[in-house]
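Dear colleague,

Please find below the structure that I am handing over to you, with its sequence. My notes on it follow.

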Amino acid sequence: MRLTTALTALALAPTALLADAHSTPVPVEYGARPAYLVDKLPDGDLKDKLASCMGQTASKSDFSIGHRGAPLMFPEHTVQSNVAAARQGAGILECDVTFTADHELVCRHAQNDLHTTTNILVSDLAEKCTTGFTAAAGEEGASAECRTSDITLAEFRTLTPKMDSADATATTAEDYQGGVASFRTQLYTDGADLMTHAESIELFKSLGAKFTPELKSPSVEMPHDGFSQEDYAQKMIDEYKAAGIPASDVWAQSFNLDDVLYWIKAEPEFGKQAVYLVEWSDGFDEQDPSTWTQDFAQLKEQGVQYLAPSLNMLLTNKDGTLAASDYAKKASEAGLNLIAWTLERSGPLSTGGGWYFQSVGDIITDDSDYLVALDVLAQDAGVKGVFSDWPATVTYYANCMGL
């Protein structure tokens with residue numbers, strides 16, 4: 001069976017075993033974007049080095065991590081988004097894990113995002129949403145809240161995924177489906193397929209990729225109908241064990257330190273690579289240790305080996321240039337392996353880069369700064385991997401730099 005045939009079969013029946021696809025390397029292509037960004041770089045050593053690799057053979061890199069697949073152009077957490085990420089050379093792929101009403105694990109960025117990532121509000125399941133659609137009125141924007149825990153797995157499978165968006169000015173549920181960011185596209189949304197967590201494992205394995213599932217914070221009170229937080233954390237790991245995936249190929253993530261510590265204690269082989277996710281919070285200063293809420297030495301004592309901060313925590317403005325923050329340096333000096341998130345999620349950087357670049361927004365100029373930031377993260381901050389909404393950029397950089 002040819003790889004393309006196998007992938008087509010998966011789109012039609014995601015649970016099918018793809019032994020033939022697994023035995024055939026996924027062809028890696030950079031596409032136009034990395035060269036576009038290199039061309040925009042100002043003259044200098046970085047541009048010279050990256051330009052010298054224009055003719056290199058594209059290959060997979062574990063330094064390149066697909067963030068929800070490749071959602072710059074494909075609906076996140078779909079079969080198609082992850083196939084695109086693998087074709088761009090992402091060696092590690094992500095399923096954000098949450099659960100349905102019957103406690104089945106599925107790939108969604110949040111338990112309560114179905115109203116923005118699927119067609120649920122214009123389907124027969126709309127009446128099951130936690131909060132139904134409310135039209136915009138006056139200064140109040142349109143709103144809704146639909147959770148995976150509102151529906152069963154069988155009902156989840158009937159939904160159609162779409163680009164993550166909502167039109168706050170909408171007066172109808174149909175209009176609420178719009179609002180797609182101008183830097184994203186809807187060219188590749190037709191026929192996209194949702195996935196369960198178990199199906200994501202099968203798909204990623206078939207693509208020759210490794211795994212970084214994130215246990216998402218529940219929107220419901222736990223325990224949920226007898227399903228405890230520890231049950232939830234354990235079930236995610238159990239699905240890798242059932243699929244025969246070695247723990248060395250899995251980087252389980254959570255913003256909840258208790259989840260990470262649970263894996264370290266209950267599943268020590270998986271716990272070795274468990275990732276503690278952290279993000280910029282009010283009052284944080286990447287150069288001022290008194291504002292940091294993580295105790296790096298204590299984390300190491302507890303067995304945490306991987307720390308994944310948001311980009312803004314790892315970058316700083318040093319005399320008008322991008323540089324590694326003191327936070328990044330101190331975490332690395334403490335022996336923590338750093339993973340950065342998320343490159344190319346901010347849209348065009350000509351206006352400063354938004355939330356992800358808030359620590360350096362005053363010196364961000366254009367999209368070529370994605371490459372400058374990537375170089376700082378790899379060479380100065382010592383990160384071990386970078387999440388991206390368009391993995392080809394990270395893959396190109398990693399291969400050119402020999403990472």
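Glutamate 155 counts as buried in this predicted model, because its relative accessibility is 17% and the cut-off for burial is under 20%. This residue is found in helix 7. Leaving aside neighbours within four places in sequence, glutamate 155 is in contact with Leu125 and Lys128.

Helix 7 (153-156) also marks one end of a loop that carries a bonded cysteine, cysteine 146.

Disulfides

The structure holds 3 disulfides. With bonded cysteines counted along the chain, their pattern is 1-6, 2-3, 4-5.

Cysteine 129 and cysteine 146 are both buried.

Cysteine 53 forms a disulfide with cysteine 400, and the two sulfur atoms are 2.0 Å apart. For this pair, cysteine 53 and cysteine 400, the S-S torsion is about 75°, so the disulfide is right-handed. Distant parts of the chain are linked here, 347 residues apart: cysteine 53 sits in the loop between helix 4 (45-51) and strand 1 (61-66), whereas cysteine 400 belongs to helix 17 (residues 392-401). Burial applies to cysteine 53 and to cysteine 400.

In the disulfide of cysteine 95 and cysteine 107, the sulfur atoms lie 2.1 Å apart. The torsion about the S-S bond of cysteine 95 and cysteine 107 is about -110°, so this disulfide is left-handed. Cysteine 95 lies in the loop between strand 2 (90-93) and strand 3 (96-99), and cysteine 107 in strand 4 (residues 105-107), so the pair ties together parts that are 12 residues apart in sequence. Cysteine 95 is buried, as is cysteine 107.

Strand 1 is mostly covered, with 5 of its 6 residues buried. It pairs with strand 2 in the parallel sense, over 3 bridges. Glycine 66 has leucine 93, in strand 2, as its bridge partner.

Isoleucine 339 lies in strand 14 (residues 337-343). Its relative accessibility is 7%, so isoleucine 339 counts as buried. Which residues does isoleucine 339 touch, not counting those up to four places away in sequence? They are Ile65, Val275, Tyr306, Leu307, Ala308, Pro309, Gly385 and Phe387. For isoleucine 339 and isoleucine 65, which are 274 residues apart along the chain, the C-alpha atoms are separated by 9.6 Å.

Helix 9 is mostly covered: 7 of its 10 residues are buried. These are His197, Glu199, Ser200, Ile201, Leu203, Phe204 and Ser206. Just after helix 9, glycine 208 adopts a positive phi of about 75°.

Two packed helices are described by the angle between their axes and the distance between the axes. For helix 9 (residues 197-206) and helix 10 (residues 229-242), the axes come within 10 Å and cross at roughly 40°. The crossing of helix 9 and helix 10 is right-handed. On the helix 9 side, the residues that meet helix 10 are His197, Ala198 and Ile201, and their counterparts in helix 10 are Met236, Glu239 and Tyr240. By class, this contact of helix 9 with helix 10 has 4 nonpolar, 1 polar and 1 charged residues.

Helix 16 (residues 369-379) has 9 of its 11 residues buried, so it is largely enclosed by the rest of the structure. The buried residues of helix 16 are Asp369, Tyr370, Leu371, Ala373, Leu374, Asp375, Val376, Leu377 and Ala378.

With kind regards

How values were computed:
Residues numbered from 1 in each chain as written. Predicted model: local features only at pLDDT ≥ 70, side-chain atom pairs only at ≥ 80, totals over all residues. Heavy atoms only, no water. Disulfide = S-S within 2.5 Å. Helix = DSSP H or I, 4+ residues; strand = E, 2+ residues; numbered from the N terminus. Buried < 20%, exposed > 50% of the residue type's maximum accessible area, 1.4 Å probe, protein only. Contact = heavy atoms within 4.5 Å. Axes fitted to C-alpha atoms, helices over the stretch in contact; angles between N-to-C directions. Left-handed = near helix turned anticlockwise from the far one by under 90°. Nonpolar A, V, L, I, M, F, W, Y, C, P; charged D, E, K, R; others polar. Pairing = 2+ DSSP bridges.
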